[in-house]
Amino acid sequence: MLTIKPTSGPHTGSETGVGSIMRQVIYALLPATAFGLYLFGWPAVNLLVVTLFASLLFETLCLKLAGRPSIPTLKDGSALLTGWLLAMTLPPWAPWWIGVIGAGIAIVLGKQVYGGLGQNLFNPAMLARVVLLISFPLEMTTWADVTPWLTESAPDFNAGLTITFAGLSNPDAVTGATLLGHVKTEWLQKHPLSESLSDFCTLKMWLGMTRGSLGETSALLLFAGGMWLLLKKIITWPIPVSMLASVAVISGLFHVLDSERYLSPVMHLGSGALMCAAFFIATDYVTSPNTPLGQIIFGSLCGLLIYMLRTWGGYPEGAGFAILLMNSLTPLIDHYVKPRIQGRDRRGRPLEENMLKGERGKRKEERGN
Amino acid sequence: MYVLSAIASLATLGLVLGWILAVAAKYLKVESNPVVQELEALMPGSQCGQCGFPGCKPAAEALAKGEAPVTLCPPGGSALAEQFAALLGVTVDLSGFEEPEILIAKVSEATCTGCTRCFKVCPTDAIVGAPKQIHTVVADACIGCRKCVDVCPTECLQMHRPEVTLRNWRWHKPSGQPAGAAA
Amino acid sequence: MIALLQSLRIRGGIHVKEHKQATTGQVIDDTFPLPERLYIPLQQHVGKPAEPVVRVGDTVFKGQLLAHSQGLISAPVHAPSSGKIADIAEYPAPHPSALPIRTVFLDTDGKETGQSGESAPDPFMLDPEEISLRVASAGVVGMGGATFPSAVKLNLGRQNKIHTLLINGGECEPYLTCDDRLMQENAAEIVDGIRIMLHGMETGRAMVGIEDNKPAALRAMRTAANLHPNIEICKIPTRYPMGWDRQLIRYLTGKEVPAGGRSTDVGVLMHNVATAYAIHQAIRFGRPLIDRVVTVAGGAVANPKNVRVPIGTLISEVLAFCGVDETRTGRWVMGGPMMGEALPIADVPVVKATSGVLALTEAETKQDEEQPCIRCARCISVCPAGLLPVDMANRIRNNRLEAAVDIGLKDCISCGSCSYVCPSNIPLVHYFKYAAGELAARQQAQHKSEQTKKLIAERNKRMERIERQKAEELAMARATKERSDQADTAV
């Protein structure tokens, strides 16, 4: 009598694993992150490190509480990636506790309470960002000036520690508004775009030499990272393409209607937050639909919501809210948008009837001949 | 003031919705069909008593009243539980459900005295044999009710796992939960 | 442009690591020494097992009928060599369970004395029905692994008036090159087999689909089919599972076989190239199917190659012939690594379906531990049948089999693409195989329960009758007694 349990095929497999996917995404984030660290100096480094460590710590704690081994789960890199994505979307000079609280929300409330990796409804990083934004509006909208390393204005190591762990002493002197925020405030004061954008440089914006979140300033580098992911087949095209296209089309439409009121597509696409959302956040496997068609619906609605929130909403940036809203629609989209089964019509009925009719008709013809 | 108006509007909303529900419950009530017969028809009907009820009909009655879980019938397994749940319109979580092991009776020829007690109690006539002769169990007809085991004076009837052949061999269920998943 | 449009017809599929280069360039090895004992299972096909016509102790010649087919869907079994029948008993089957199957044990005498069957120098003079009959009596079954009796298919083709015969030269499974080699070396014979099949099915035209990773086979087949304009050799893209009949039909003809239907519903039928070769052998020379080309490969095999071996040879002997390193072998597989079955022991016979024998190393089969699903949807995008493997597996894991059927479990072909790509190493195909088996078991249980109810009803009726009889007898006895009592008192 055999006691070995039979092994089912296939007896070979691809080398892509969960860990390698997460690693590739982190590689893709590296250029934009490095650039962010270069722009915002030591405080940004501190914030990134604190957030990453806090994420790993919270993940370990949760696993301990659940009585599950923590090493295999930590090794898959998902907690690290969540922390990384969160840090990228934080204001670079935010105090350390923003990173810690954010990591706690992302890992505990965003992921582990649902049962861990793969079970969560909302993108953990975006959930944390939105909760932070609502709870700590001041800290979350204090955007540091661009102070690249090796320039005079850059804070040295000690100053960096002070900024991260003790707070800014004179925030007004070294901070300001992001472009989208600036435009929004100006418009509220009835200033048309031509006025508020008088000293604006498109190239600088695309390169990312501007105020913004730690890793979200450079649309170009984020785009490059996204291309890398597409090339490596980690993500597929439907979500990023549909999302960027819908923002471009809608903003283009409104820009043509009133170019003094509505920003041009170039500026919308050039804001790093949109690029980051399109390539790194919305494409999160867990919280996006499973089928290409579902992903296109998801992406275009995301784009629409981002545009609406940016243009008419209370906050200058809407990517976080838009993605959370669409995350909640993902199960619904997946329920209704399913692939057609081979040999069946869209509703799952066998193709038989029309086929047989066709065949019978043909046979009759043959007989008639 | 804002607080008060918020409380007032939400309370009103709650009251109105609650009232609508109450009305709906009264006037749109669907008379529930006596499903006992349908449930009983689904059951194995061998009156084996493994569920703890004296027979299939009492079990069906308890099921219809909601006094017994849909997983009550061991021979029916999860397949029957799924059918019951569909009929009663309840959802059932079968994730922790262990399929019962089906055993069939087998006569040990060395100790059988041919007393015929077993085939008198067999509900499906699965035991064949004549008085004073060794009896055998027809495996295909045995439902594993153990009635024969209880009456056998020499304990020559024992429950065994049915023999596995190429014909009835099945893939086992994959061992389930991944390393890091929730229990 | 046409190719581009055609490629849109492919659904799902994956690019697998091919591992074919080790064997594709090597000539089929005909020098395999005749084993001393052959183990010939009586069921090597879909349908009813064959019934033995020889007895223990009989001396048989090569190609002699050992067991005849039973019923409509069945196939006979022939002696792969001459010798003596040592036994007809149970022997482990080449099956993942290695459970026993009724097998003829043949002790070979090495003389290889044979008697050729009915050969037909010009098969095109034969009746189409006669072709089917001869194919049936030669025991030819689908050699791609499905092992459906070929004659039954020929009849189906004739009855359903199909317009195109499709020949599957895809061989999309990694490692396997037996069809590839056969096409390179025996293209003319295969084309002849195709022409015989066309004649047998009264069909006008044939299309042969060959994956573009076999340029030599493509060239050879094109040359061989040059003179026959009704046989078209088509280059198809290399993408697993291109050899799935429905995928190939859709690619080559643009038609989709309805779910639950047969390929004849869209006017086509598909055979494997090796089947075409076997039919050529059976009709032209009266040779029954008693040997086949087997690809022997895998990381633990020193000299991977294609070998022609008699049916019934133990897989362990074939592996030894090619220099297998047992210490490095992690898993024996019969067939390809995608849909083939792992064998718990290697001492099981080569059967008509054995296209390959693989001795894979631990490294080749290495699967990391199962991890939680991250809903990456790779399984959905690669599924050639358009299913939702992840959702089906979740439902099965929670014992909701009916719910899994609702979303298409029965349309799954177990091709393994989903398991192959899964980054979390979830054994998706295993779930589907388990569910399919469990559903079959449930159906049987249902049937049994109906039978049980009938038996119980009958028993109850009988019990009632006995009770009634007893009561009547009792009443009768009482009446007689009363009467006698009355008589007594009267006296």
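1. Domains 1 and 3 of chain C have C-alpha centres 40 Å apart. The model is predicted: local features need pLDDT of at least 70, side-chain atom pairs count only at pLDDT 80 or more, and totals for chains, interfaces and linings use all residues. Residues are numbered from 1 along each chain as its sequence is written, with chains lettered from A and ligands numbered from 1 in the order in which they are written. Chain C is assigned domain 1 (1-28 + 125-289), domain 2 (32-109 + 290-366) and domain 3 (373-491). These bounds come from an automatic or database domain assignment. Domain 1 of chain C puts 10 residues into its contact with domain 3 of chain C, which supplies 11 residues. Contact here requires C-beta atoms, placed from the backbone, within 7 Å. On the domain 1 side of that contact in chain C, six residues are nonpolar, three polar and one charged. Nonpolar covers Ala, Val, Leu, Ile, Met, Phe, Trp, Tyr, Cys and Pro; charged covers Asp, Glu, Lys and Arg; the others, Gly among them, are polar.

2. Chain B has two domains as well: domain 1 (36-88) and domain 2 (104-160). Their C-alpha centres lie 26 Å apart. Each of the two domains of chain B gives five residues to the contact. The domain 1 side in chain B has three nonpolar, two polar and no charged residues.

3. Now the contact of chain C with chain B. It involves 30 residues of chain C and 28 residues of chain B. On the chain C side, helix 16 (residues 428-490) gives the most, with 14 residues. Helices (H or I, at least four residues) and strands (E, at least two) are DSSP runs, numbered from the N terminus. By class, the chain C side splits into 10 nonpolar, 10 polar and 10 charged.

4. Chain A meets chain C through 37 residues of chain A and 56 residues of chain C. On the chain A side, helix 1 and helix 18 (352-368) are the elements that give two or more residues. Helix 18 of chain A gives the most, with four residues. The chain A side has 16 nonpolar, 15 polar and six charged residues.

5. What about the cores? The largest nonpolar core has 245 residues. A nonpolar core is a set of buried Ala, Val, Leu, Ile, Met, Phe, Trp, Tyr and Cys residues joined through C-beta atoms within 7 Å. Buried means 20 or more other C-beta atoms within 10 Å of a residue's own, exposed means 12 or fewer, and partly exposed lies in between, with C-beta atoms placed from the backbone. Among the residues with the most contacts inside this core are Ile323(A), Leu166(C) and Ile315(C). Helix 1 (residues 18-66) of chain A gives the most to this core, with 19 residues. Another core, of 15 residues, lies apart from it and includes Leu39(B), Leu63(B), Val70(B) and Leu80(B).

6. Which residues does Ile315(C) touch, not counting residues up to four places away in sequence? They are Pro94(C), Trp332(C), Met334(C), Leu343(C), Ala346(C), Val348(C), Val350(C) and Val357(C).

7. Chain A has 18 helices and two strands. Its C-alpha atoms fill a box of roughly 90 × 70 × 30 Å, taken along the principal axes. Of the 369 residues in chain A, 51% are buried. Among contacts in chain A with a separation of 6 or more, 75% join residues 24 or more positions apart.

8. One helix pair in chain A is worth a look. Helix 13 (residues 238-257) and helix 16 (residues 292-312) of chain A pack at an angle of about 35 degrees, with their axes 7 Å apart. Axes are lines fitted to C-alpha atoms, for helices over the stretch in contact, and angles run from 0 to 180 degrees between N-to-C directions. The contact includes Ser242(A) and Val247(A) of helix 13, and Gly299(A) and Gly303(A) of helix 16. By class it has 13 nonpolar, seven polar and no charged residues.

9. Trp97(A) lies in helix 4 (residues 96-109) of chain A. Trp97(A) counts as partly exposed because it has 15 C-beta neighbours inside 10 Å. Trp97(A) and Val18(A) are 79 residues apart in sequence and 30 Å apart in space, C-alpha to C-alpha.

10. In helix 3 (residues 128-137) of chain C, the buried residues include Ile131(C), Arg134(C) and Val135(C). Their cover includes helix 4 (150-159), helix 6 (187-201) and helix 9 (273-285) of chain C. Gly139(C) follows helix 3 of chain C, and its phi is positive, near 70 degrees.
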